[in-house]
Amino acid sequence: MHFAFVSGNPALDLVATVESRRDRPHELLATPADLEQWVTACEELPDHVTADSAALVRAHQLREAVHRLALDRIQGRSYEAACLDVLNDAAAGPPPVLHLSDAGVRRTGDLTSALAHVARRAITLLADPDACLKECGRPSCTRLYLDRSRGTRRTWCGMQACGNRVKAAAYRARKHAAP
């Protein structure tokens, strides 16, 4: 399975493991093995973790809590207490351990430490008053992303997946409308 890490924060990338609209979701983390692959693919997390069904449930709960809290932040609402509890509980876990070598940094830890790291990154993001969180402008995409563009004018979660599709559709519409 291929995972995209274009949101600018691993917590938002975790949220993006539900593709399409949340009322008609396509689950990318359907099995514990999918969760293991996602953690391994995320550069900030340990290379090898094992997951079971209970861990998958915890990851889904964290993902949905971060999603709700991020939407609360985007829409200027107060944070939902139950979601804060899920996020804070996950953040209380042990962090991944960093190892430095000539080859670079290697992270080790279990799934609890990986989810704790993701939760801490979500807390840091949500607590930053200058962070510009947005939802992708493509109608069929609900990916949330951190807009670090100049002037915070970015419209899509990523140019490759969504930006190109929107621009191509607009081009086709203009072509069709032309006499």
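Biologist: Let's begin with the cysteines: how many disulfides does the count come to?

Modeller: Keep in mind that this is a predicted model. A disulfide here needs a pair of cysteine sulfur atoms within 2.5 Å. By this rule, the count of disulfides is zero.

Biologist: Is Cys42 buried or exposed?

Modeller: Cys42 has a relative accessible area of 5%. The cut-off for buried is under 20%, so Cys42 counts as buried. Cys83, with a relative accessible area of 10%, is buried too. For Cys42, then, the word is buried.

Biologist: Let's step back to the overall layout. In what order do the elements of the protein chain run from the N terminus on?

Modeller: The protein chain has six helices and six strands. Reading from the N terminus, they go α-β-β-α-α-α-β-β-α-β-β-α.

Biologist: What share of the residues in the protein chain is buried?

Modeller: The chain has 179 residues. Its accessible surface is about 10,100 Å², with 54% of that belonging to carbon and sulfur atoms. As for buried residues, they make up 39%.

Biologist: Which element gives the most to the largest nonpolar core?

Modeller: That core has 39 residues, and those with the most contacts inside it are Leu35, Trp38, Val39, Leu62, Leu87 and Leu111. Several elements each supply at least two of its residues, among them α1 (10–15), α2 (32–41), α3 (53–74) and β6 (144–146). With nine residues, the one giving the most is α3.

Biologist: Which side chain is joined to that of Asp147 by a polar contact of 2.7 Å?

Modeller: Not counting residues up to four places away in sequence, Asp147 touches Cys132, Lys134, Thr152, Arg153 and Arg154. The polar contact of 2.7 Å joins the side chain of Asp147 to that of Lys134.

How values were computed: Residues numbered from 1 in each chain as written. Predicted model: local features only at pLDDT ≥ 70, side-chain atom pairs only at ≥ 80, totals over all residues. Heavy atoms only, no water. Helix = DSSP H or I, 4+ residues; strand = E, 2+ residues; numbered from the N terminus. Buried < 20%, exposed > 50% of the residue type's maximum accessible area, 1.4 Å probe, protein only. Areas by Shrake-Rupley, 256 points an atom, 1.4 Å probe, with all protein chains shown as cover. Core = buried A, V, L, I, M, F, W, Y, C linked by side-chain atoms within 4.5 Å. Polar contact = N/O pair within 3.5 Å; in protein donor to acceptor, adjacent residues only side chain to side chain. Contact = heavy atoms within 4.5 Å.
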